[in-house]
Protein chains: 2
Amino acid sequence: MAVRYEHIKTCKQTGARLGRLHTPHGIIETPIFMPVGTQATVKSLTPEDIKSTGAQVILSNTYHLYIRPGTEVIKKAGGLHKFMNWDMPILTDSGGYQVFSLGDLRRIEEEGVTFRSHLDGSKHFISPEDAIKIQNILGSDIIMAFDECTPYPADYQYAKKSMERTLRWAQRCKDAHTNTQNQALFGIVQGGMYDDLRVESAKETVKIGFPGYAIGGLSVGEPKELMYKALDAVVPHLPEDKARYLMGVGSIDALFEGVLRGIDMFDCVLQTRIARNGTAMTSSGKVVIKNAKYEMDFSPLDPECDCYTCKNFTKAYLRHLIKANEILGLRLLSSHNLHFTLKTMGNIRKAILEDRLADYKDEFFNKYRY
Amino acid sequence: MAVRYEHIKTCKQTGARLGRLHTPHGIIETPIFMPVGTQATVKSLTPEDIKSTGAQVILSNTYHLYIRPGTEVIKKAGGLHKFMNWDMPILTDSGGYQVFSLGDLRRIEEEGVTFRSHLDGSKHFISPEDAIKIQNILGSDIIMAFDECTPYPADYQYAKKSMERTLRWAQRCKDAHTNTQNQALFGIVQGGMYDDLRVESAKETVKIGFPGYAIGGLSVGEPKELMYKALDAVVPHLPEDKARYLMGVGSIDALFEGVLRGIDMFDCVLQTRIARNGTAMTSSGKVVIKNAKYEMDFSPLDPECDCYTCKNFTKAYLRHLIKANEILGLRLLSSHNLHFTLKTMGNIRKAILEDRLADYKDEFFNKYRY
């Protein structure tokens, strides 16, 4: 079945969208947050653990999988779903972002990007066509066009040239993608922090025509106001009947702001990364569990949370695990942070359904302290 | 209720014992292997995960808990069971072994041991009475006497003096232990590799009188033949109606040899330690999962195993996880190795019941290659 976005309703109070994304591996209720499983694993969690957080779709990274274990292994396994034993939807990025992040290790040309592996220095070349071919082998439900993630800051000329190349590559990706029945290829809007370039990128990407549109090149170091401004410029030019995905964004405030601006999908490593440093996201704000005040605190991490971690363990025990560098500690905090984020997204969906997202946002941040 | 060993039957083919150890937190079927949860966590596993491996009792380390999070935290938590949310039996060691392992950081005197924390160098003193007091606070079902683990090699005079001190400390531990209704204090037989010292230690420890007896100071670097010889010397002097625990031993061959010599309980970090290096214990022997031959091997780790890891993941995926240093990899191998060991112990119990342990051992090692 082809991936299809179904618009259910628009919040009368805010204009936020409620929808469903139909995929070959199930329906994703939107707006949604996608946990990141970079190396074919959401760090420390089994597929069952991931599902228990409320996750409906995960993201995995094409660059990392291409480098290790390699496309051939995943092909022989029968695709990424079978390889990692995850039977729900998967979105893969194109590898572009990671390759560009290699800095001195890569060279961008019109044909594609030459780069060296961050693991062994071996030389590789990926064209837009290659990125699609690899993602076709991975078999993810949603695949991404190969784009250039314009860095921040970038001057106008660079951002324009980069955005135009991303457009040409988008067309090449679309032409290369034949497995449209089982995998939806999303286009990516770029344009740096320049509203006119963002608008042009949105319009031209929509002209090429995709079953979904991502907004890339944000949350790359710019002030959040610039990110919201870019969303305000882009979203009005995206079609109502297609999913909208804000790439690499997942802080709680940005999730609210994105949804309020009409975004349907988000992903971020934040939840699991801060967990590994011992930071939990709770209904009263961030909890830095190593803090001495939790040494004898035998209450749950978040009394309002019904996740496995909060139902079974105390702050004092979690603090002990994190201080002792015990894997169980980061595992329990990772699943809690994902659960908290996905629960909040569920509440956001409910608030949209009830036309009260602005009220819910106020209630949420009344309790949530940074 | 007081801890009590119930002897069920002796294998007619071998003399191995089948029994039940009744504890305040449930019945332990013996012979049994105890997973080690050094820092109040069996590395990477939740209590539910541990139970799913077939574990009936876990071991935790008094020294580590005393150092971090500290006795006061566990006392305020209501004991170790509540602190780590484990409702089945716990055995704690006395801290002696770990303290003696500190080498230059400790000084042994008749009154007790002065040592420096391996974490921050802070100075501490633990007497036999202190070791009991700490374990009383931990609230473990089975606690161990404070002994000196005689190193290997040790000359006769040292081994004799050390064994005699352990006897005096055993009496002091027994005198200090008042919570006998809820916690069973086991004595520990020492004596190095000298049969006469081992026999004397066994007889004198039994004279003091404990609800269970451990054999310590083995698996400390000596050839396995010496360990088996020591068991042959000691076991005939231990009472039939009390549990027998071989400390720190858990390799598959030693489990068989110990049971054949009348041992009921074992513990070892081996299963989880080799898992973290990517080694799995399977019915055909050890599997070093990083080996290149598993790159495209989409069969389970052990086709005869019914654990979560083997039911859900392939060797190729596990290899990828371990090579990519992913926590999920060592978690899946840890739970598999514990499951494999505990399943084997279950088969050993069944074979004793059926008076065919020697046959089962032959069948097992016919397949199991080192």
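Guide: In chain A, the side chains of Glu304(A) and Lys367(A) form a salt bridge, with 2.9 Å from N to O. This is a predicted model, in which local features need pLDDT of at least 70 and side-chain atom pairs count only at pLDDT 80 or more, while totals for chains, interfaces and linings use all residues. Residues are numbered from 1 along each chain as its sequence is written, chains are lettered from A and ligands numbered from 1 in the order in which they are written, and side-chain values use heavy atoms, with hydrogens and water left out.

Visitor: Why is the pair Glu304(A) and Lys367(A) called a salt bridge?

Guide: A salt bridge is a side-chain nitrogen of Lys or Arg within 4 Å of a carboxyl oxygen of Asp or Glu. The N to O value for Glu304(A) and Lys367(A) is 2.9 Å, so the pair meets the definition. Side chains of opposite charge can pair when their charged atoms come close.

Visitor: What parts does this pair tie together?

Guide: Glu304(A) lies in the loop between strand 16 (285-288) and helix 12 (308-312) of chain A, and Lys367(A) in helix 15 (residues 357-367), so the pair ties together parts that are 63 residues apart in sequence. Helices (H or I, at least four residues) and strands (E, at least two) are DSSP runs, numbered from the N terminus.

Visitor: Why is Glu304(A) called exposed, and why is Lys367(A) called partly exposed?

Guide: Buried means under 20% relative accessible area, exposed over 50%, and partly exposed in between (1.4 Å probe, protein chains only). Glu304(A) has 52%, so Glu304(A) counts as exposed. Lys367(A) has 42%, and is therefore partly exposed.

Visitor: Which chains hold the partners Glu326(A) and Lys43(B)?

Guide: The pair crosses between chains, from Glu326(A) of chain A to Lys43(B) of chain B. Their side chains meet in a salt bridge at 2.6 Å, N to O. Glu326(A), at 3% relative accessibility, counts as buried, whereas Lys43(B), at 25%, is partly exposed.

Visitor: What makes Ser94(B) count as buried?

Guide: Ser94(B) has 3% relative accessibility, and therefore counts as buried. Ser94(B) sits in the loop between strand 6 (90-92) and helix 5 (96-100) of chain B.

Visitor: Which backbone nitrogen does the side chain of Ser94(B) reach?

Guide: The side chain of Ser94(B) reaches the backbone nitrogen of Gly96(B) at 3.1 Å.

Key: Polar contact = N/O pair within 3.5 Å; in protein donor to acceptor, adjacent residues only side chain to side chain.
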